[in-house]
Amino acid sequence: AAMVQKYQSPVRVYKHPFELIMAAYERRFPTCPLIPMFVASDTVSEYKSEDGAVHVIERRCKLDIDAPRLLKKIAGVDYVYFVQKNSLNRRERTLHIEAYNETFSNRVIINEHCSYTVHPDNEDWTCFEQSASLDIKSFFGFESTVEKIAMKQYTSNIKKGKEIIEYYLKQLEEEGITFVPRWTPPVTCKSESSTSHPRRPVSPAINIPESATKEGSSSKEIPNTSSSPSEPTAGTPDDKLDADYIKRYLGDLTPMQESCLIRLRQWLQETHKGKIPKDEHILRFLRARDFNIDKAREILCQSLTWRKQHQVDYILDTWNPPQVLQDYYAGGWHHHDKDGRPLYVLRLGQMDTKGLVRALGEEALLRYVLSINEEGLRRCEENTKVFGRPISSWTCLVDLEGLNMRHLWRPGVKALLRIIEVVEANYPETLGRLLILRAPRVFPVLWTLVSPFIDDNTRKKFLIYAGNDYQGPGGLLDYIDKEIIPDFLGGECMCEVPEGGLVPKSLYRTAEELENEDIKLWTETIYQSASVFKGAPHEVLIQIVDASSVITWDFDVCKGDIVFNIFHSKRAPQPPKKDSLGAHSITSPGGNNVQLIDKVWQLGRDYSMVESPLICKEGESVQGSHVTRWPGFYILQWKFHSMPACATTNLPRVDDVLASLQVSSHKCKVMYYTEVIGSEDFRGSMTSLESSHSGFSQLSAATTSSSQSHSSSMISR
């Protein structure tokens, strides 16, 4: 099986000018004592431009790979040869390095690209970035061994790269070299430039930095200097992560972990417009799946869809917990533990879970727990700033004093399990430690009910103390400072957490009341979900009376790949027959599926296509709009996307074919929202929409109406 491993580094910033870094870099050749496996290198070809600005050198490097003897014997080689091509441009101040393997190039394909460039906000600093791919086609049946060796060697070399540059910088400094002048054009060019000087002042005076005039490309440089470095756009180039930021805010990650984070984040930026989670939250999903990027992406996408569907981002701002919760929910935030993690105290034994469920329903409880989790994320961020080190999880202290059979009331346990499930799925790796104190005799019963729902990773973080054991050695004091141990646990700290107690029966509500209430709370979503099957697309009808309206859509592809189309028809499609899919008007929980386009209709005769088809991959979020030109009936269609046997551009990759085989038997799921906006609501911008639309032929393959082409480019990048 072919496996392609990819690596993408963060941006590493050296606080030294490019020229000095180059002087250090050059010292690695022809051999380098710090890289013992780098045995020798020979120059294969070399090119220098006349003015000395460009220097391209190609070397053949001989490596003694640290691999088992047996493997070397089977492969029949002692050394592995790589070709490395370095292109230095002293005028632009860039060095690009391309490397690939010469040995076994028909079995293993290794490509690496590195670049040294000037930091966009400080011309005396240098940025380094590196990316690589490893594709093992075949290796005498030892593919996975070779992959492991290659990855191990590669990651250890990444770590070394920085040390090597720093080692040579130090060496240069010891030799008294701390400054290397920038490249300047040879003197012969002077005569030309001096003649052009008198004409200079005619153009408006602009502060041209010295470097720009030297480089003779002043026009290119000017725009950059006008933006002040304090603007939010500064930071790392193109919003990339830099190594120091990762260490300070996210923690010590291995090179491969950094690479997974960078690649997943990049994918999100390309496919999800608008809100993408914070870096530390993306990292939690990766940790929850042991940095398997595909599995992490899957759970992260499900969570993003869930957040959007239930408008979780607004909960903290807009939702006020009912008074009952504020009075009887015995939990609250209380300082932090010894590791600086926010501490949440829950007096579960004092809490009337049955009463709360009867008075509030499951939904309000779940919503409250979500708001606690959102608050937890905020506190982690806060503590990361305060303590000067990454803090990504919280500690939860659960006091079971008072737990009794009432807590085992089935609907209450069911609510608890559902809450645990939702939290596990959407706030992975947020629980750093769970201290369970004063566990009574019924606890094991409750534990056996609950524990199957808890992720293994999470379960390892549980510490359970029976009776007063928590006061002994290895107890609470190991985790929490003496000053903040709450009063009800025999400490001196006043703890503001409500004491709980029984919820008065007068506050109970009937099942019907709760039912109505629940609908208000939880299905309060503007999105509808639909299922799409092979041969059974989902279609939505929109009737347009005013010729120039705008149809807008916003959908997430929750599962599978789909093709999105929009059609126009002068006559109304017949409503689907009742018996085709049971009662079609009832939406099943899995999402509805409706076909409107009659099987006998012909495209071009009965209906026409008004936007070119848009292929949307699983996990993508798509927004777009269409300016209608005619009244009549518009049909939005989400159709199953089956892999073409051979796309014109490229043959399908093995992974794609395998993926399509897996998916084709299943259904796709889409969550969508559509709205029609009348032209009067556009207040004059309608014409701009129109004009940008007419610039395209009606069905150009490349793109579609302005705003949709925006959405398709968001995706196809």
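Modeller: Let us start with R438, a residue of strand 12. Please keep in mind that the model is a predicted one.

Colleague: Why is R438 called buried?

Modeller: The term buried applies under 20% relative accessible area. R438 has a relative accessibility of 14%, and therefore counts as buried.

Colleague: What makes the phi of R438 worth a remark?

Modeller: Phi of R438 is near 55 degrees, a positive value, and the residue is not a glycine. Most residues other than glycine have a negative phi.

Colleague: Where is D290 found, and why is it called exposed?

Modeller: D290 is in the loop between helix 9 (279–288) and helix 10. Exposed means over 50% relative accessible area; D290 has 65%, so the word applies. D290 also has a positive phi, of about 45 degrees, although it is not a glycine.

Colleague: How do you know that the span of helix 10 agrees with its number of residues?

Modeller: Helix 10 covers residues 293–309, which is 17 residues. The expected span is 1.5 Å times one less than the number of residues, so helix 10 should span 24 Å. Its end C-alpha atoms are 24 Å apart, and therefore the two values agree.

Colleague: What makes N292 a cap of helix 10?

Modeller: A side-chain oxygen of N292 lies 3.0 Å from the backbone nitrogen of D294, at the N-terminal end of helix 10. The limit for a polar contact is 3.5 Å, so this pair falls within it. Just after helix 10, Q311 takes a positive phi of about 50 degrees. The buried residues of helix 10 include I293, A296, I299, L300 and W306.

Colleague: What makes a set of residues a nonpolar core, and which residues have the most contacts inside the largest one?

Modeller: Such a core consists of buried Ala, Val, Leu, Ile, Met, Phe, Trp, Tyr and Cys residues joined through side-chain atoms within 4.5 Å. The largest has 52 residues, and L325, Y329, L356, V398 and L400 have the most contacts inside it. Among the elements that give two or more residues to this core are helix 12 (323–328), strand 11 (394–399) and helix 14 (410–426). Helix 13 gives the most, with 13 residues. L356 touches residues that include V324, L325, Y329, L365 and V503, leaving aside those up to four places away in sequence. Apart from this core lies another, of 44 residues, among them L20, C32, I65 and I158.

Colleague: Why is D352 called buried, whereas E50 is called exposed?

Modeller: D352 has a relative accessible area of 3%, which is under 20%, and so D352 is buried. It lies in the loop between strand 10 and helix 13, and touches R406, G501, L502, V503 and Y508, not counting residues up to four places away in sequence. E50 has 88%, which is over 50%, and so E50 is exposed. E50 is in the loop between strand 3 and strand 4 (54–63). The C-alpha atoms of E50 and P186 are separated by 9.3 Å, although these residues are 136 apart along the chain.

Colleague: What is the omega of the peptide bond that joins F29 and P30?

Modeller: Omega is about -5 degrees, and the bond is cis. Most peptide bonds are trans. P30 has its place in the loop between helix 1 (18–26) and strand 3 (38–48).

Colleague: What is the mean pLDDT of the chain?

Modeller: The mean pLDDT is 79, and 80% of the residues reach 70 or more. Over residues 189–237, however, the pLDDT is below 50, and over residues 682–717 it stays under 50.

Note on methods. Residues numbered from 1 in each chain as written. Heavy atoms only, no water. Helix = DSSP H or I, 4+ residues; strand = E, 2+ residues; numbered from the N terminus. Buried < 20%, exposed > 50% of the residue type's maximum accessible area, 1.4 Å probe, protein only. Polar contact = N/O pair within 3.5 Å; in protein donor to acceptor, adjacent residues only side chain to side chain. pLDDT = per-residue confidence, 0-100. Contact = heavy atoms within 4.5 Å.
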